[in-house]
Amino acid sequence: MIEHQVRSADPSVEAALCGMGIHPLMARLLANRGVDPHEAPRTGLADLLKPAALKGIDRAAEILADALEAGAKIVVIGDYDCDGATATAVGVRGLRMLLESLGAEPAQSAELIEFLVPNRFEYGYGLSPEIVQLAAEQFEPDLLVTVDNGIASVEGVQAAADLGIGVLVTDHHLPGDTLPDALAIVNPNQPGCPFPSKSIAGVGVMFYVLLATRAELRQRGAFDADTQPRLDALLDLVALGTVADVVKLDDNNRRLVAHGLQRIRSGRAQPGLLALFHEAGRDPRQALAADLGFAIGPRLNAAGRLSDMSIGIRALLADDYAQASELAAQLGRMNEERKRIEESMRRDALEDIESFLKDENPAAGVVVAHPEWHQGVIGILASRIKDRLYRPVIALAPGDDGLWKGSGRSVQGVHLRDVLDLVSKRLPEGAMPKFGGHAMAAGLTLQSEFLEPFKTAFAQAVETLSDASALQRKVESDGSLPTGYIQASVADMLNTQVWGQGFPAPLFVDEFEVQSQQLLKNAHSKFMLLRDGKRYVALRWRNTETLSGRVLLAYRVERDTFNGGDAVQLIVEQVLS
């Protein structure tokens with residue numbers, strides 16, 4: 001049984017938005033998502049939150065300005081996911097732009113501003129002592145700048161200090177009990193930081209640090225407002241990393257993404273990003289946040305999952321379109337390989353969860369493991385199973401030294417990191433050498449002999465720390481959509497907004513009569529539906545369940561690009577009855 005809730009809003013807010021000239025349907029959708037009528041018109045770059053609100057950013061700007069003016073060697077230390085890759089590219093491109101504004105030639109700026117990203121299979125995550133040593137050997141840096149990592153790198157920062165290398169930490173993850181002893185830390189989630197957007201992505205934090213550094217150099221007389229480098233040229237990468245990291249799209253993040261999408265649509269994106277759009281078969285002139293999340297992001301992530309994220313970063317740094325296209329094609333092939341691996345793992349996992357699907361009283365949490373799974377893909381697998389079962393899921397693959405390496409995904413209302421903390425306390429000491437994460441995603445290592453006890457302990461911990469209602473699948477919709485609004489112009493209007501995590505795309509619920517159904521590639525369904533005397537084409541991805549008669553559907557409206565013209569189609573998300 002699926003619980004259905006209809007979003008609602010204060011009628012006066014909806015009326016105020018309508019009074020501003022906003023289309024009545026859009027006014028309803030925005031009001032349902034809590035948009036403040038006073039904030040709605042504030043969409044310009046000047047309306048972004050100010051960098052000064054970030055604790056530590058003034059000191060960070062001074063450090064970077066000093067380093068740039070001194071011609072110091074700076075190495076950006078990235079991460080192997082899409083947020084980390086885009087943050088690295090933004091950091092490298094932005095610092096090189098600032099250095100060239102001081103008079104450096106492009107070849108010189110390329111030599112002085114480098115990057116290093118850990119290979120997840122060799123070094124793991126973050127600024128570890130091993131990565132510090134590798135950076136020292138390869139580059140002999142004066143300054144390391146972490147992006148999308150570093151807040152937990154206490155030992156790594158100390159290792160750098162021992163070598164006489166300064167570290168500037170930029171991150172957005174939750175800090176631990178001890179902060180690293182860095183030259184400066186910029187992280188909206190560190191204690192005492194008043195920056196309102198706690199959900200800004202790592203790439204957004206680095207973008208803000210560049211803005212502050214530019215302001216510092218401008219104050220020093222390096223350039224003025226007319227001659228300063230245009231850092232807004234990096235917003236396409238900021239948008240990609242923000243959407244791909246699935247952070248909450250608060251007002252500030254939505255502004256960042258909206259301006260990034262504008263650059264992409266106008267053809268002013270980085271060559272590598274345009275090449276990735278072409279490789280994915282998407283039109284950058286019609287770019288949507290969904291393209292970044294479901295087409296571009298996975299191609300970059302495939303490099304970090306299967307090989308080396310430096311391939312993806314080099315694509316984003318490429319200024320030559322031919323080179324960018326070659327790297328994008330390589331990322332595309334990796335993504336296809338990732339899909340093949342994922343599908344094989346999914347088939348294995350279906351055997352593991354078969355008993356769960358038949359159980360009248362299924363376990364509160366699910367653990368799947370296989371000795372031949374690829375550890376770079378277990379996070380995606382956990383997410384897929386979570387979506388199907390609507391339960392917190394841990395997927396485990398073989399790691400090093402007789403350990404299982406696990407990745408988990410959760411549902412709203414079940415804090416996964418807290419669940420793992422309880423499991424670690426209930427298992428024998430040392431059974432889980434490492435674990436960490438946050439509410440919706442987490443990772444761990446597990447001694448191999450404790451696999452079966454871990455499965456039991458995980459299910460029991462989920463049950464202990466969650467209410468039964470949290471494991472009830474829910475659909476939150478915007479209610480019924482008048483048939484007169486199911487048209488191409490409305491679909492286009494909906495696409496003018498940035499939808500995503502915390503600001504969900506419109507979902508409507510109505511009753512239809514199923515007139516026909518056909519399978520597409522034995523994996524998807526295509527329907528002909530009837531409502532109020534009008535017929536609609538509908539698609540349901542990754543589901544071949546037979547539907548007939550009258551059904552209550554939760555659906556989205558989009559243009560039918562296959563048939564072209566003003567054709568529209570419905571995308572069925574859930575069958576409610």
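**Residue N32**

In which helix does N32 lie? N32 belongs to helix α2, which covers residues 24-32; helices here are DSSP runs of H or I with at least four residues, strands are runs of E with at least two, and both are numbered from the N terminus. Residues are numbered from 1 along each chain as its sequence is written. The model is predicted, and local features need pLDDT of at least 70, while side-chain atom pairs count only at pLDDT 80 or more.

With a relative accessible area of 13%, N32 is buried, a word used for values under 20%, whereas exposed means over 50% and partly exposed lies in between (1.4 Å probe, protein chains only). When neighbours within four places in sequence are left aside, N32 is in contact (heavy atoms within 4.5 Å) with R7, S8, A9 and D478.

Helix α8 runs over residues 202-219, and at 1.5 Å a residue its 18 residues should span 26 Å, which agrees with the 26 Å between its end C-alpha atoms; the expected span is 1.5 Å times one less than the number of residues. Because 15 of the 18 residues of α8 are buried, this helix is largely enclosed by the rest of the structure. Just after α8, G221 takes a positive phi of about 90 degrees.

Helix α9 (residues 235-244) packs with α8 at an angle of about 150 degrees, their axes being 8 Å apart; axes are lines fitted to C-alpha atoms, for helices over the stretch in contact, and angles run from 0 to 180 degrees between N-to-C directions. The two helices α8 and α9 are therefore roughly antiparallel, since angles over 145 degrees count as such, those under 35 as roughly parallel, 65 to 115 as roughly perpendicular and the rest as oblique. From α8, V203, G204 and F207 meet L235, L237, V238, G241 and T242 of α9.

**Helices α12 and α14**

Helix α12 (residues 289-306) packs against helix α14 (residues 321-358) at about 70 degrees, with the axes 8 Å apart, and the pair is therefore roughly perpendicular. Among the residues making this contact are P298, R299 and L300 of α12 and L331, G332 and M334 of α14.

**The barrel**

Five strands close into a barrel in the order β13-β14-β15-β17-β16, with mixed pairing; two strands pair if DSSP finds at least two bridges between them.

Conventions:
Side-chain values use heavy atoms; hydrogens and water are left out.
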